[in-house]
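Keep the sequence and the 3D view open as you read.

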Amino acid sequence: MNLIIISALSGVVMMFSGLFVKNNRTISYIATALIIFLSLATMCELGAKSWFNIPQAEAMLRTSVYGKLIGVILTIATTFYFVLSGKDIERVGKHVADYYALMFFVLAGAGILLSFQNLLMLFLGVEILTIPLFILTGAQKQNLKSNEASLKYFLMGAFSTGIMLMGIVLIYGAMGSFDLSVIGKKAQFATPIHGANLMGLLLLLASMAFKVSAAPFHFWTPDVYDGAPTVFTSFMATIVKVAAVVAFIRLFEGSMEPFHTSKWQILVSILIACTLLVGNITAVFQQSVKRMLAYSSISQAGYMLFAVFAFNAFGKEGITIYGLSYSLATIGIFSVLSKMQDITFDGFNGLARQYPGIAFALTVFVLSLAGIPLTGGFLGKFYMISAGAASNSSYTWLFILAILCAAVSVYYYFRIIQAMYFKERVSDTPVFEVPVSKAFPILLIVVAALIILIGINPQILLQYLYF
Amino acid sequence: MGATQIIFWILSIVAVFSAIMVITRKNPVYSVLYLIITFFAISGHYVLMNAQFLAIVNIIVYAGAILVLFLFVLMLMNLNKESEPKKNKFMLWASAFAGGLLLYVLLAAVHTAHIENVKGIHVGNIGLVSELGKALFTTYVVPFEITSILFLSAMVGAVVIGKKD
């Protein structure tokens with residue numbers, strides 16, 4: 001509850017600060033202070049009661065330890081995002097305070113998605129999560145590509161929300177309730193599965209797959225991520241995606257008992273295989289790093305979907321590690337990318353000579369995304385695949401495919417390292433559009449150190465799951 | 001025949017008559033205007049069935065917002081004989097099929113309905129505004145409040161998008 005209420009209030013505060021504060025830097029400081037307070041508040045909720053006692057909320061929102069921990073991860077990632085990319089948010093357009101407000105609202109939506117107990121709340125959470133994103137995508141009003149991306153995202157998002165509502169209605173018709181636990185209990189005794197219920201579940205599966213951009217529902221992702229201002233792409237590809245994956249797990253876990261059979265795993269394994277193949281193979285051919293990261297975010301979602309495949313404790317631990325390490329690494333790369341002149345691979349040429357600190361941190365991020373041992377990304381992938389293996393070991397082809405895809409991803413991720421360390425800079429244009437501050441490389445290295453710390457000792461994170 | 005029954009028959013006649021007028025008029029603007037009358041008549045039926053909220057929402061949303069939008073679009077499109085699209089045989093059959101399906105569903109619903117459970121006029125209170133308010137502010141108070149975040153973010157977004165840079 002802390003996450004939902006305080007982030008919504010922070011959004012309101014940001015709206016008003018846009019009215020009274022004219023200096024953009026000050027607005028960023030206010031937002032950073034608020035997000036730090038928000039992450040402290042979510043941490044306080046771990047293993048303790050929420051600050052807000054709302055008895056009516058019990059039937060609608062039920063926060064588990066797991067949801068609370070993911071909330072902490074999301075707020076920490078957002079904190080780093082605000083600190084690293086604050087200056088780039090200020091450069092997007094004139095309504096800086098409103099952008100921050102919208103991002104706080106997105107966090108409130110994420111908080112709902114982490115704890116919904118009722119399909120109504122799922123719908124509200126998804127809407128609160130996506131509607132601000134349509135606007136953030138179109139924030140560069142002079143940029144045609146940004147406008148196009150925004151419109152495309154809006155139309156596709158509205159369509160998928162329509163499909164989700166249809167699914168919810170069918171489930172309500174079959175089960176007579178919006179409550180997840182009631183639906184789950186009724187579904188246990190309803191064998192064979194009710195036709196309308198099955199149809200509703202399939203529609204919900206399609207719409208959730210759209211929200212996490214799993215293939216074959218991924219077609220909006222590259223265009224939207226490419227067209228959106230780079231800073232906001234970073235936010236969409238990390239925090240929003242992790243929240244959507246957790247909602248995906250929460251929706252189908254426990255409450256959808258009849259689906260937990262082998263049939264469910266056949267469906268999800270096809271979804272995962274498509275996502276991994278499409279994401280990785282298409283990413284290989286990209287010249288723009290931004291577009292490459294968009295495709296890589298599709299493939300990373302494929303790994304996260306292993307938790308939906310498995311529905312076991314292993315998968316939950318995996319999502320925790322994966323969510324944090326993936327978010328931090330992607331936020332780090334995007335924070336550098338959004339400052340750069342040239343966002344193709346050539347733009348990275350010779351970066352290591354001029355900015356050794358930034359190049360080192362970027363190397364760690366890239367290694368983590370590729371899943372090289374000692375980084376959080378490796379452990380994340382390891383947990384996800386072993387979660388799948390623990391739940392059903394007969395899907396050997398899927399696990400081999402996942403490992404092969406990780407190997408493919410090494411190629412396109414390492415092109416960044418190759419460009420930074422082994423290529424000379426040909427043109428005289430500066431690497432960055434704006435001069436980077438002295439603190440920026442240090443902050444990046446702190447983030448990189450955090451990723452390595454998770455990779456070496458994941459228990460500092462996972463112990464909170466068993467409070 | 002009591003007063004409510006007389007009102008019921010009048011409303012029914014108006015509704016059916018204007019519904020027929022909707023589909024027989026050549027000028028689409030007249031069709032839309034007749035459609036508004038249909039909606040008003042149906043709202044009257046809702047009131048008779050003690051569903052005040054539904055009646056009000058029907059007038060505000062359908063007659064007020066959606067049909068005015070219809071009118072705007074029709075007038076902006078400036079329809080006339082020359083710009084009329086060619087009528088497609090296939091489209092005709094498809095629409096007849098779709099309409100027939102709807103008719104089938106409605107007839108099936110009427111056929112399987114338990115007539116003895118149907119309440120008379122002015123019975124039942126599930127559609128009253130007070131009942132709805134009670135549900136909204138007790139069982140569904142949390143989603144109701146959280147919707148405000150949704151609207152707030154949508155409003156902020158509308159301002160951000162709509163403002164001149």
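Start at Cys44(A), which counts as partly exposed at 41% relative accessibility. The scale here calls a residue buried under 20% relative accessible area, exposed over 50%, and partly exposed in between, using a 1.4 Å probe and protein chains only. Before going on, some ground rules: this is a predicted model, where local features need pLDDT of at least 70 and side-chain atom pairs count only at pLDDT 80 or more, while totals for chains, interfaces and linings use all residues. Residues are numbered from 1 along each chain as its sequence is written, chains are lettered from A and ligands numbered from 1 in the order in which they are written, and side-chain values use heavy atoms, with hydrogens and water left out.

Searching the whole structure turns up zero disulfides over all chains, a disulfide being a pair of cysteine sulfur atoms within 2.5 Å. Take Cys274(A): the nearest cysteine sulfur belongs to Cys405(A) and sits 11 Å away, and Cys274(A) is in no disulfide. Cys274(A) is also partly exposed, with a relative accessible area of 29%.

Now look at where the two chains meet. Chain B puts 19 residues into the contact and chain A puts in 26, with contact meaning heavy atoms within 4.5 Å. Together they bury about 2,100 Å², and carbon and sulfur atoms give 82% of that. Buried area is the accessible area (1.4 Å probe) that two parts lose on being put together, summed over both. On the chain B side, the residues touching chain A split into 12 nonpolar, five polar and two charged. (Ala, Val, Leu, Ile, Met, Phe, Trp, Tyr, Cys and Pro count as nonpolar, Asp, Glu, Lys and Arg as charged, and the others, Gly among them, as polar.)

Six residues of domain 1 are in contact with four residues of domain 2. The two domains of chain B bury about 510 Å² between them, 65% of it on carbon and sulfur atoms. Of the area domain 1 buries against domain 2, Gln52(B), Phe53(B) and Asn125(B) supply 71%, more than any other three residues.
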